[in-house]
Amino acid sequence: MLTIPSKRRPDPDDASRDAVPAGLQVAGAFSWRVLVVVAMLAVVVALVVLLSEIVVPFLIALLVCALLAPMSAFLQRHRWPKWAAVLTCLVAVVVVIGALALVVTAQIRYDLPSLEHRLDTQIRSLQTLLDSEPFGITAKKVTTWVSNGTKYLQSHASSIAAGFQEAGSGAVHALEGLFIIVFTTIFVLIDGRRIWAWVVRLFPRRARPRIDVAGAAGWHTLTSFIRVQLVVAITDALGVVIGALILQVPLAIPIGVIVFMGAFVPVVGAIVAGSVAVLVALVFNGWVPALFMLGVILVVQQLESHVLHPFLTGSAVKVHPLGVVLGVTAGTTIAGVVGAFFAVPFIATVNAMVVAAAAWRPEDAVPDDPAAAAAPTDATP
C-alpha cells in the first residue's frame, strides 16, 4: 500500500507540550484560573471597601427584608393589600425598637440614684485598695496624673477638635446609611420580584436558569438564618436578663439588649456581651455576684451551643463550625465588627447558592423565562 508522507510541519508548541509532564500542565492550567478568580475577588473586595458607605446599609437592608418578607407574604396570603402588609411590617419594627428604647431608658432612670451610691462606694473601696501595699497609689499621685492628663489635653486640643469633626461627619454618614436602609427595605418588600428578575436578565440567557435557582436557594437560606438567629438572640437575652434580675444586678434590661445585639455576631458577640454583664455585676455588686453572673453567661452559651444551634441552625444553615470560625475571623480582619456581623450569613448564603447551582440540570429548567419568576416563593411579597 502506497503511503503518502505528511507535509504538515511539526508544531513547536506540540514539542514543548510533550516536554512538560502532564501533571504539571494540569497544575499550570488550574493555577492560572485560580489566580484569575482570586484577582476578581480582590477587585470585588476593594470595590466593597471603597463603597462601604453604600454597601453596608444595603446589606443591612437585605437582612431586614429577609426578616420581614415572610411576615409580609403571610399577610398578603390572607388578602391584605401589598402596601398595607409592607406598612404593617415597617410599623412593627418601629414599635419594637421604640418599646425597647423606652424600657431601657426607664430602667436607667429608675436605677440611676442607686447606681450613683453603689459607684461611689466602689470607688472609695478601690481608692483604699490602691492606697495600700503593694500598689501604693496615693491621692497625691492621682492628682499628679490628672494634672498631666489635663496638660496633655490642652496641648492636643487641635487633634481632639479634629476628632469631634470626624465624629460629626460620621453622624451625617450614619443618617445617610439609615436613609438607604429604609428605602431599600421598602422597595425590596414592594417590588422584590421585579428587581430579582432584572438582576437575572443581566446574565447570558443560558446561565439564567442556574442563576435563578442559585438565588432562590440563597434567599431561602438567608431568611431561615435570620429567623433562627432571632430566636437564638431572644433566648440568650431572656436567659441573661432573668439571671441578672435574680442576682439583683442593675441595668438588667440594657444588658439583655446588648446580649441580644451581640448574639447576631457569632463567637465575638457572645464574648463581648458576656464581658459587659460580668463587668456590671463586678462594679456594682462585688465579686460573688460577678462570679454567679459569669456562671449564668456560661449556662446560656452552653444552651445556645449544644441545644439551639444543633436543632435550629443546623437545619437552616449547613456550614461547618470550622467554616464559621474562620469566616468570622476573616471578616473581622477585613472589615472589623461589620465583617464579623456579615460573615456567617454571607458564607451560608454563598454556600447554598453554589450547591444549588452545581446541582441544577438543564432538564430541571421550566419553559418560561426564569427571570420572570421570583427567587423564592416567600422571598418578597
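Trainee: Which helices each supply at least two residues of the lining of the second largest pocket?

Mentor: In this predicted model, the helices that each supply at least two residues of that lining are H3, H4, H6, H7, H8 and H11. The largest share comes from H4, which gives 10 residues to the lining of the second largest pocket.

Trainee: What is the volume of the second largest pocket, and which residues are the closest to its centre?

Mentor: The second largest pocket has a volume of about 1400 Å³. It is lined by 42 residues, and the closest to its centre are Leu67, Ile97, Phe260, Met261 and Phe264.

Trainee: How does that lining divide by class?

Mentor: By class, 39 residues of the lining of the second largest pocket are nonpolar and three are polar, while no charged residues take part.

Trainee: Phe260 and Phe264 both came up there, so to speak; what kind of aromatic pair do they form?

Mentor: Phe260 and Phe264 form an edge-to-face pair, with 5.4 Å from centre to centre and 80 degrees between the planes. The angle counts as edge-to-face because it is over 60 degrees.

Trainee: Is Phe260 buried or exposed, and what about Phe264?

Mentor: Phe260 counts as buried because its relative accessibility is 18%, and Phe264 is buried as well, with a relative accessible area of 16%. The cut-off for buried is under 20% relative accessible area.

Trainee: How many aromatic pairs does the structure hold?

Mentor: The structure holds four aromatic pairs. One of them joins Phe179 and Phe183, a tilted pair with 4.4 Å from centre to centre and 40 degrees between the planes. Ring pairs also link Phe179, Phe183 and Phe187 into a cluster.

Trainee: Why are Phe179 and Phe183 separated by about one helical turn?

Mentor: Phe179 and Phe183 are four residues apart in helix H6, which means that about one helical turn separates them. In general, an α-helix has 3.6 residues a turn, so residues three or four places apart point the same way.

Trainee: And is Phe183 buried or partly exposed?

Mentor: Phe183 counts as partly exposed, because its relative accessibility is 38%.

Trainee: Where is the largest nonpolar core, in terms of the elements that give two or more residues to it?

Mentor: The largest nonpolar core has 20 residues, and those with the most contacts inside it are Leu189, Trp219, Leu222, Ile226 and Val328. The elements that give two or more residues to this core are helix H3 (52-77), helix H4 (82-131), helix H6 (157-201), helix H7 (208-246) and helix H11 (321-359). H11 gives the most to this core, with six residues. There is also a second, separate core of 19 residues, which includes Ala252, Ile255, Val259 and Ala273.

Trainee: Since Val328 is on that list, how far apart in space are Val344 and Val328?

Mentor: From C-alpha to C-alpha, Val344 and Val328 are 6.8 Å apart in space, and they are 16 residues apart in sequence. Val344 is found in helix H11, and it counts as buried because its relative accessibility is 8%.

Trainee: How far apart in sequence are Leu87 and Ile190?

Mentor: Leu87 and Ile190 are 103 residues apart in sequence and 9.9 Å apart in space, C-alpha to C-alpha. Leu87 lies in helix H4 and counts as partly exposed, because its relative accessibility is 46%.

Trainee: Changing topic to cavities, how much space lies in the largest cavity?

Mentor: About 60 Å³ of space lies in the largest cavity. Its lining includes Asp236, Val240, Val259 and Ala273, and the elements that give two or more residues to that lining are H7, helix H8 (252-262), helix H9 (268-285) and helix H10 (287-316). The largest share, four residues, comes from H9.

Trainee: What classes do the lining residues of the largest cavity fall into?

Mentor: The lining of the largest cavity divides into six nonpolar residues, four polar and one charged.

Trainee: Last one, about H7: how many residues does it have, and what follows it?

Mentor: H7 has 39 residues and reaches 57 Å from its first C-alpha to its last, close to the 57 Å expected at 1.5 Å a residue. H7 is followed by Gln248, whose phi is positive, near 60 degrees.

Methods. Residues are numbered from 1 along each chain as its sequence is written. This is a predicted model: local features need pLDDT of at least 70, side-chain atom pairs count only at pLDDT 80 or more; totals for chains, interfaces and linings use all residues. Side-chain values use heavy atoms; hydrogens and water are left out. A nonpolar core is a set of buried Ala, Val, Leu, Ile, Met, Phe, Trp, Tyr and Cys residues joined through side-chain atoms within 4.5 Å. Buried means under 20% relative accessible area, exposed over 50%, partly exposed in between (1.4 Å probe, protein chains only). Rings of Phe, Tyr and Trp (its six-membered ring) pair if their centres lie within 6.5 Å; planes under 30 degrees apart count as stacked, over 60 as edge-to-face and the rest as tilted. The expected span of a helix is 1.5 Å times one less than its number of residues. On a 1 Å grid over the protein atoms alone, a cavity is a set of points where a 1.4 Å probe fits but cannot get out, and a pocket is an open set with protein on both sides within 12 Å along at least five of seven lines; lining residues have an atom within 4 Å of a point. Grid points are joined across faces, edges and corners, and a volume is the space filled by probe spheres set on the points. Ala, Val, Leu, Ile, Met, Phe, Trp, Tyr, Cys and Pro count as nonpolar, Asp, Glu, Lys and Arg as charged, and the others, Gly among them, as polar.
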